[in-house]
Amino acid sequence: MTTTNPVIFVVDDDPSVLKALTRLLMAEGFETRPYSSPTHFLDAYDGRVPGCIVMDLAMPDINGLDLQNRLAASGRVNPVIFITGRGDIPSSV
């Protein structure tokens, strides 16, 4: 039986944030898979791979909440951690 190491999927449309988060997580020994758009992520995502998703809340086209809803509707969802540079109280609730 083979085991799959957990993966941290990072989804952010800001290239500098995506690069920084990926580097930080890799430096701590985590396997990461970065995606610059929700569409690229959805095309490649396999919910059977253990791990979590770190995603930006405010992205063009498909925002973080819409992406989470799409994943939940498909039944393929890992735990999600939202990040944002444009947070407010209603968004956090």
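**View 1. Strand 1, helix 1 and strand 2 build a right-handed β-α-β unit.** Right-handed here means that, with the strands pointing away from the viewer, the path from the first strand over the helix to the second runs clockwise. Helices (H or I, at least four residues) and strands (E, at least two) are DSSP runs, counted from the N terminus. This is a predicted model, in which local features need pLDDT of at least 70 and side-chain atom pairs count only at pLDDT 80 or more, while totals for chains, interfaces and linings use all residues. Residues are numbered from 1 along each chain as its sequence is written, and side-chain values use heavy atoms, leaving out hydrogens and water.

View 2. You'll find four helices and four strands here, and reading along the sequence gives the pattern β-α-β-α-β-α-β-α. Of the 93 residues, 30% count as buried, where buried means under 20% relative accessible area, exposed means over 50%, and partly exposed is in between (1.4 Å probe, protein chains only). The accessible surface comes to about 6000 Å², and carbon and sulfur atoms own 55% of that; such areas come from the Shrake-Rupley method with a 1.4 Å probe, with only the protein chains shown counting as cover for residues. A contact is a pair of residues with heavy atoms within 4.5 Å. Take the contacts between residues at least 6 apart in sequence: 68% of them join residues at least 24 apart.

**View 3. Strand 1 has a neighbour in strand 2 and another in strand 3.** Two strands pair if DSSP finds at least two bridges between them. Strand 1 and strand 2 run parallel and share five bridges, with Val7 partnered by Glu31 of strand 2. Five bridges also link strand 1 to strand 3, again in the parallel sense, and there Ile8 stands opposite Cys52. How many of strand 1's five residues are buried? The count is five of five. Val7, Phe9 and Val11 point one way, while Ile8 and Val10 point the other way.

View 4. Is Phe30 buried, exposed or partly exposed? Phe30 is partly exposed, with a relative accessible area of 44%. Leaving aside residues up to four places away in sequence, Phe30 touches Ile8 and Leu25. Gly51 is 21 residues from Phe30 in sequence, and their C-alpha atoms are 10.0 Å apart in space.

**View 5. The largest nonpolar core has 13 residues.** A nonpolar core is a set of buried Ala, Val, Leu, Ile, Met, Phe, Trp, Tyr and Cys residues joined through side-chain atoms within 4.5 Å. Phe9, Val11, Phe41, Ile53, Leu67 and Leu71 have the most contacts inside this core. Strand 1 (7-11), strand 3 (51-56) and helix 3 (64-74) each give two or more residues to the core, and strand 1 makes the largest contribution, with three. Now look at Ile53: not counting residues up to four places away in sequence, its contacts include Phe9, Val11, Phe41, Tyr45 and Leu71. There's also a second, separate core of six residues, and Leu18, Leu25, Cys52 and Val54 are among them.

**View 6. Phe9, Tyr35, Phe41 and Tyr45 gather into one aromatic cluster.** Rings of Phe, Tyr and Trp (its six-membered ring) pair if their centres lie within 6.5 Å; planes under 30 degrees apart are stacked, over 60 edge-to-face, and the rest tilted. The structure holds four such pairs. One of them joins Phe9 and Tyr45 edge-to-face, at 5.4 Å centre to centre and 80 degrees between the planes. Phe9 lies in strand 1 and Tyr45 in the loop between helix 2 (38-44) and strand 3, so this pair ties together parts that are 36 residues apart in sequence. Phe9 is buried at 1% relative accessible area, and Tyr45 is buried too, at 4%. Phe41 and Tyr45 make a tilted pair, 4.7 Å centre to centre with 35 degrees between the planes. Phe41 itself is buried, with a relative accessible area of 0%.

View 7. Tyr45 and Arg76 are 31 residues apart in sequence, and 8.8 Å apart in space from C-alpha to C-alpha.
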